[in-house]
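Please look over the sequence and the fold below before reading on.

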Amino acid sequence: MIKPCFFILFLSMIASVSGTARSQAHVPTFQNPVLWEDLADLDILRVGDTFYYSASNMQYSPGAPILSSKDLVNWKYVGHSIPVLDFSPAYDLNGGNAYVKGSWASFLNYRKSNKTFYWGGCIENKKTHIYTATDVAGPWKKHAVLDQCYYDAGLLVDDDDTMYVAYGAKTLHVAQLSPDGTHEVKSQEVFTAPAGVDYIEGSRFYKINGNYYIFTTRPPNDEYVLKSTTGPFGPYTLQKLVVSAKSPIANGGGPHQGGIVQTQKGDWYYMAFVDAYPNGRVPVLAPLTWNADGWPSLNLVDNIWPQTVPYPLSPQGKVSHTGTDHFLGASLDPQWEWNHNPDNTKWSLHKGLKLETATVGNDIYAARNTLTHRILGPVSNATIELDLAHMKDGDRAGLALFRDSSAWIGVARDRGSLRVVMENNLTMDEHWKTTATGTEVASAPISTRKIWLRASADTMANFKSGPDRTGTFAYSLDGKTFQSLGTPFSFTKDWHFFMGYRYALFNYATQSLGGAVTVSSFTVAAP
């Protein structure tokens, strides 16, 4: 016979287990990657209850995009640290180009003493440019240009408000900045990659519980941690954080080169990126813990980066990167970036985006005022509504899948007539010189003054066995029924261009300036 006290205890145990199961069942989770977008060389930090994320974007303008989040999972674009790429005429596509130059592997941090954000990056391995703002949304202004190149740098603001920069490749240095952050006080070599590691870069600099840490990557798959217990100039000892972990993206690269951040609850997370071309380098998140000796660990099971992860904090509302932009504001939304600096006299916002022809030629890579938007992985499409009433003979306007190997669907006007065209075979070589300006694959005459153009990107096909399905194009004359045009376009998966594919809006002249089109809407969908 069961005694009453044991029966009551048995029922309470069942209730406890049941309650725990219900609690665990209701823990919200998210799926890696955090964003299926090209946001590489990231730096991450928290100010108050808001997280900030800074990324590279090479020749795209404005430079150094910034995103914000309240939960480390749902991110929205909020601004850019570099208002204009004023480093040389090449950034205006004047006398050359700046492909695979501009901003990369930069730092972003916040200085409490003056309530100011600092962004810094070495441009073209020459000089370090530092920009500041009291609000990440801007306005940002150039604060200083240092003659030193802080390659792949991380910024630490120490407890006494002194600013230090960790930087370098293979041999790492730490530099101390002046109190106003406008010049270097001193720099010292602090570590050289040992045999077996050989090469490290991508520094991120932290002070945690009195210890100094430099997180550094051994590309393309590893992350190491340097620790000093005696100060920012070392000496440092090395331990691995993650080496060749299996990616949460099928056939993606190993997660590496990122930053760490602590939540308000005291929990730590490591945000890395994964090489996932043709999408580019996309962010993935995992919990990070510390052992009694002050070393961090990711606690991966069988060295597999987790695909499903509990939310670091309570979800703060889903942020969608799909939807429609009617270009109704006074300025472009911060998810947009021009290919090189635009000619601001040749575009405007008024009941849509008006793109006047800004250059004459037949090379999209040399055409100014091409406006870009990151593709969304693994499958997405973009649709534009295009007003053609003011095109001139020789003009080409439309929607591209843009990288060093590109294709587009658009409208060509010649001898007073319009036709919708699909072109591929637009390519650059390893020196970013145009090697082919395009081959017309298919076309059809049109007589309307309005057309809808669609580009679809199935990048997941590149991570599966079998033939690529990749990019396709279609058009509509009523915005409802779409007709395919041309042949499927195979994305390049090479990493050398670094940036992933983008949707690109363009309008250029092959004969003379003066024509214009208006993009009434741009819609991104992820079916």
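In this predicted model, the largest nonpolar core has 42 residues, and those that touch the most other members are Leu386, Leu401, Val420, Ile451, Tyr503, Leu505 and Phe522. Apart from this core lies another one, made of 24 residues, with Tyr213, Phe215, Trp268 and Ala286 among them.

**Contacts of two residues**

- Val420, one of the residues of the largest core that touch the most other members, is in contact with Ile409, Gly410, Ala442, Ser443, Ala444, Ile446, Ile451, Leu453, Tyr475 and Leu485, when residues up to four places away in sequence are not counted.
- Ser405 belongs to strand 31, which covers residues 405-414, and its contacts, leaving aside neighbours within four places in sequence, are Tyr365, Leu426, Thr427, Phe489, Thr492 and Tyr501.
- Ser405 counts as buried because its relative accessibility is 17%, and the cut-off for that class is under 20%.

- Strand 37 spans residues 502-509 and is mostly covered, with 8 of its 8 residues buried.
- Arg502, Ala504, Phe506 and Tyr508 point one way from strand 37, whereas Tyr503, Leu505, Asn507 and Ala509 point the other way, and the residues of both sets are all buried.
- Tyr503 and Leu505, which point the other way from Arg502, are also among the residues that touch the most other members of the largest nonpolar core.
- Strand 28 (residues 371-374) runs antiparallel to strand 37 and is joined to it by 4 bridges; within this pairing, Arg374 has Arg502 as its bridge partner.

**The largest pocket**

- The largest pocket holds about 800 Å³ of space, and of the 28 residues that line it, Arg46, Asn109, Lys112, Val157 and Lys207 are the closest to its centre.
- At least two residues of the lining come from each of strand 2 (43-47), strand 7 (107-111), strand 11 (154-157), strand 15 (201-208) and strand 19 (256-262).
- Sorted by class, the lining of this pocket comprises 14 nonpolar, 5 polar and 9 charged residues.

Methods:
Residues numbered from 1 in each chain as written. Predicted model: local features only at pLDDT ≥ 70, side-chain atom pairs only at ≥ 80, totals over all residues. Heavy atoms only, no water. 1 Å grid on protein atoms, 1.4 Å probe; cavity = no way out; pocket = protein on both sides within 12 Å on 5 of 7 lines; lining within 4 Å. Points joined across faces, edges and corners; volume = space filled by probe spheres on them. Nonpolar A, V, L, I, M, F, W, Y, C, P; charged D, E, K, R; others polar. Core = buried A, V, L, I, M, F, W, Y, C linked by side-chain atoms within 4.5 Å. Buried < 20%, exposed > 50% of the residue type's maximum accessible area, 1.4 Å probe, protein only. Contact = heavy atoms within 4.5 Å. Pairing = 2+ DSSP bridges.
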